[in-house]
Amino acid sequence: MVTGLCELTHLEELVLNYNYVEGALPSCLANFTSLKRLSLTSNNFSGNITLSPLNKLTTLHYLSLLDNDFQIPISLQPLFNHSNLKIIIATNNKFYADTAIESLEPTFQLDTLVLSGYGDCGAIPNFLYSQHDLKTLDLSHLNLTGEFPIWLLENNTRLHTLLLVNNSLSGPIELLAHSHMSLEHLDISKNFLDGHIPMEIGASLPRLRDLHISRNSLTGSIPPSVGDMKLLASLDLSHNNLSGGIPEKLTMGCSSLRLLILSNNNLQGQIFYGKFSLFLLDELRLNGNHFSGSIPKILSNCSYLYLIDFSNNNLSGRIPSWMGNISNLQEIIMPNNGLEGPIPIDFCQLRKLEILDLSNNNISGSLPACFSPIMINHVHLSKNRLEGPLTTQFCNSSSLITLDLSDNQLSGNIPDYINMLGELSYLILKNNNLEGKIPIQLCKLQKLSLMDLSLNHLSGHIPSCLNITTFDEANKVDLSFAQAPGPLSSFPSAPLSPPSVPIPTNEVHFTTKNVSYSYEGTLLTYMSGIDLSCNKLTGEIPYEIGQLSKIHVLNLSHNFLVGQIPSTFSNLEQIESLDLSYNNLSGKIPPQLVQLHYLSTFRVAYNNLSGETPKRVGQFGTFDESCYKGNPLLCGEPMKSCRATSTPLIPESPTPGREDDGFIDMGVFYVSLIVSYIMVLITIAAVLYINPYWRRAWFYYAEMCFISSYYFIVDHLPKQFH
């Protein structure tokens with residue numbers, strides 16, 4: 001392909017997008033002296049552009065190096081002679097700081113410059129001081145230092161997009177004394193800016209449509225002048241130290257606002273307590289503040305709302321029924337408040353609902369029987385006071401991934417329709433009053449990752465067909481979407497494509513290594529485990545559980561399980577926590593368990609185990625006596641030595657047809673009891689034979705007892721027997 005290209009030296013436009021070509025640019029490219037437009041987007045070209053043929057292409061108007069592996073000096077000095085250049089797009093390449101000759105100035109006047117990528121580039125490059133025609137400037141993710149470059153606004157009166165996301169800019173935000181009438185998109189999130197937001201920001205930047213200043217160290221209150229930005233559609237001031245309330249001028253003046261994010265600040269007071277005209281809102285995030293009072297009824301007029309996040313505040317009162325009338329709602333996130341009362345039956349109308357998180361409130365009553373949204377993915381209702389049985393709730397929610405109803409007062413059985421929830425990965429029902437058997441229908445859930453049914457009243461046997469895997473294994477999710485550094489900026493770059501399966505973002509609490517941990521996001525997708533502890537389960541542990549090689553946690557403690565520990569547990573290659581304590585397990589601990597190299601918690605205390613403990617090698621060298629105590633017939637380090645007895649206290653394997661009477665041999669018990677009585681009689685006879693005084697006293701005492709007994713019987717016999 002390169003050979004054929006080299007012959008086309010009169011080309012004016014060359015587009016090689018999405019071909020994944022590797023290596024350096026061909027040297028013959030320098031011969032394309034008529035080339036005006038060059039686009040190399042989404043390839044694997046590499047090399048330093050200082051040494052590339054790009055230096056010779058002085059006729060270029062448009063240059064796109066997007067998504068490659070070039071090394072590019074932040075000064076762009078190799079392109080200074082390209083007087084016709086108007087647009088440079090080089091997102092997602094490696095940028096570096098170089099020492100440019102300060103006396104040199106570029107011959108170009110750029111219209112668009114997009115250099116967001118990755119690197120450690122120092123100060124904002126000096127050549128930008130000479131640019132006066134910029135409309136779009138993106139210098140995100142370059143670790144740039146210095147203060148906010150107010151001079152860029154001064155020099156470029158037609159600038160409409162300025163993106164400086166994820167750098168190291170510091171100091172206060174300073175604005176022009178006069179209004180900049182062109183700037184529409186400003187994103188300076190993820191820096192170290194401090195001080196107050198300028199009180200005159202609304203007058204200085206009246207044409208803004210997007211204002212993002214999140215993740216800085218800003219203090220003070222939200223300026224009321226923000227309400228003067230009549231075109232403002234997106235406002236993100238989250239993750240700062242802002243205080244006070246939401247200005248009434250903002251809620252009245254910004255009538256075009258669609259996205260409002262004020263989360264993780266120190267804002268307080270009631271939400272939207274004054275005049276209100278934000279009826280176009282579709283995303284509202286006020287989480288992580290100190291807002292109080294009830295949920296404002298004025299939001300019932302926001303028919304476009306699809307996301308409400310009021311989590312981690314001090315809200316009180318009932319959950320309003322009008323929420324069920326906002327048909328576009330997809331996410332209701334309000335955990336860690338003081339909300340009370342029942343879940344409104346109107347929620348049954350939320351057909352588009354995908355996430356419902358009301359955990360850690362004071363919600364009471366039963367779940368509405370009609371609540372079964374078809375599109376819902378995640379339900380978090382833990383740590384409330386919900387009661388009653390699970391009947392038809394969620395029976396049509398075939399897309400459900402997370403169902404967390406833990407720490408409530410639910411009763412009845414686990415519903416049989418559970419097998420209809422084919423996407424279910426996280427089933428957390430711990431600490432309720434559930435009873436009955438573990439339904440065999442759980443075996444049909446092929447994507448189950450975490451199952452916590454602990455602290456209930458479940459009985460019966462453990463199903464042998466349970467299937468536990470990890471979320472990423474079951475769904476084959478490309479997790480790079482969830483944890484990518486995100487070199488693409490907020491505007492105007494195209495968004496990343498989300499995975500087909502929604503990655504869980506809300507917290508799930510699961511006990512492992514005897515500690516309750518909170519898992520969320522990408523970490524949760526790698527987690528898998530079963531917790532059936534503190535129930536009334538009986539029978540043997542199915543050996544099939546040993547085939548769950550992806551499992552990290554297995555807790556079967558505090559039940560009535562019998563039989564031996566399956567030797568197949570040695571196949572649990574990823575296991576980190578194994579707790580079988582407080583059961584009636586017997587037999588030996590399988591020595592093969594020492595092959596579990598990730599095991600950090602192991603508990604078999606208070607069972608009827610016997611024989612030697614596993615060798616103290618690998619992880620088993622870290623387990624102390626508390627892991628084994630309560631098993632009298634267990635010996636070996638770190639317990640008592642097995643050499644204390646010459647023969648085993650019980651057979652190594654049970655005799656066929658013989659019942660296991662526990663950890664006391666009843667035959668030995670009866671023999672020792674008879675021998676003890678005989679020894680007592682012999683001892684008494686020997687003492688009386690040796691000591692005449694005690695002998696006479698004994699016979700005298702025996703005679704008196706006989707006479708007393710005789711007269712007692714005679715005195716109490718009926719007269720007809722005298």
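## Briefing: surface, core and side-chain pairs

Please keep in mind that the model is predicted. The protein chain has 722 residues, 48% of which count as buried, and its secondary structure comprises nine helices and 50 strands.

**The chain as a whole**

- The accessible surface of the protein chain is about 33,500 Å², and carbon and sulfur atoms account for 54% of that surface.
- Among contacts in the protein chain with a separation of 6 or more, 54% are made by residues 24 or more positions apart.

- I678 sits in helix α8, which covers residues 666-690.
- Together with V671, I674, V675, M679 and I682, I678 makes a nonpolar surface patch of about 570 Å².

**N408, a loop residue**

- N408 belongs to the loop that runs between β34 (402-404) and β35 (409-412).
- Is N408 buried or exposed? N408 has a relative accessible area of 6%, so it is buried.
- A polar atom of the N408 side chain lies 3.1 Å from the backbone oxygen of S406.
- Leaving aside residues up to four places away in sequence, N408 touches L381, S382, K383, N384, R385 and L386, and also N431 and N432.

**Aromatic rings**

- How many aromatic pairs does a search of the whole structure find? The search finds 13 of them.
- One of these pairs is formed by Y129 and W151, which are stacked, with 3.8 Å from centre to centre and 15° between the planes.
- This pair links distant parts of the chain, as Y129 is in the loop between β11 (122-123) and β12 (136-138), while W151 is in helix α2 (residues 150-155), 22 residues apart.
- The two partners fall into separate accessibility classes: Y129 is partly exposed at 43% relative accessible area, whereas W151 is buried at 19%.
- For W151, the value of 19% falls under the 20% cut-off for buried residues.
- Elsewhere, ring pairs join F602, F620, F623 and Y628 into a cluster.

**Salt bridges**

- Side chains of opposite charge can pair when their charged atoms come close.
- A search of the whole structure finds eleven salt bridges.
- D111 and K135 form a salt bridge, with 3.7 Å between the closest N and O atoms. D111 is in the loop between β8 (94-96) and β9 (112-114) and K135 is in the loop between β11 and β12, so this pair ties together parts that are 24 residues apart in sequence.
- D111 is partly exposed, at 22% relative accessible area, and K135 is also partly exposed, at 29%.
- R209 and E184 meet through their side chains in a salt bridge, at 3.7 Å from N to O. R209 lies in the loop between α3 (201-204) and β18 (210-212), and E184 in the loop between β15 (168-171) and β16 (185-187), so parts 25 residues apart in sequence are tied together.
- R209 is partly exposed, with a relative accessible area of 34%, and E184 is partly exposed, with 27%.
- In the salt bridge between D228 and K249, the closest N and O atoms are 3.2 Å apart. Because D228 lies in the loop between β19 (217-219) and β20 (234-236) and K249 in helix α4 (residues 248-253), the pair ties together parts that are 21 residues apart in sequence.
- D228 counts as partly exposed at 29% relative accessibility, as does K249 at 40%.
- Salt bridges with shared partners join E283, R285 and D309 into one network.

**H185 and its polar partner**

- H185 has its place in strand β16.
- Which side chain does the side chain of H185 join in a polar contact of 2.4 Å? The partner is the side chain of D210.
- H185 counts as buried because its relative accessibility is 17%.

Key: Residues numbered from 1 in each chain as written. Predicted model: local features only at pLDDT ≥ 70, side-chain atom pairs only at ≥ 80, totals over all residues. Heavy atoms only, no water. Patch = residues over 30% accessible without salt bridge, like charges linked within 9 Å, V, L, I, M, F, W, Y side chains within 5 Å. Areas by Shrake-Rupley, 256 points an atom, 1.4 Å probe, with all protein chains shown as cover. Salt bridge = Lys/Arg side-chain N within 4 Å of Asp/Glu carboxyl O. Helix = DSSP H or I, 4+ residues; strand = E, 2+ residues; numbered from the N terminus. Buried < 20%, exposed > 50% of the residue type's maximum accessible area, 1.4 Å probe, protein only. Polar contact = N/O pair within 3.5 Å; in protein donor to acceptor, adjacent residues only side chain to side chain. Contact = heavy atoms within 4.5 Å. Phe/Tyr/Trp six-rings, centres within 6.5 Å; stacked < 30°, edge-to-face > 60°.
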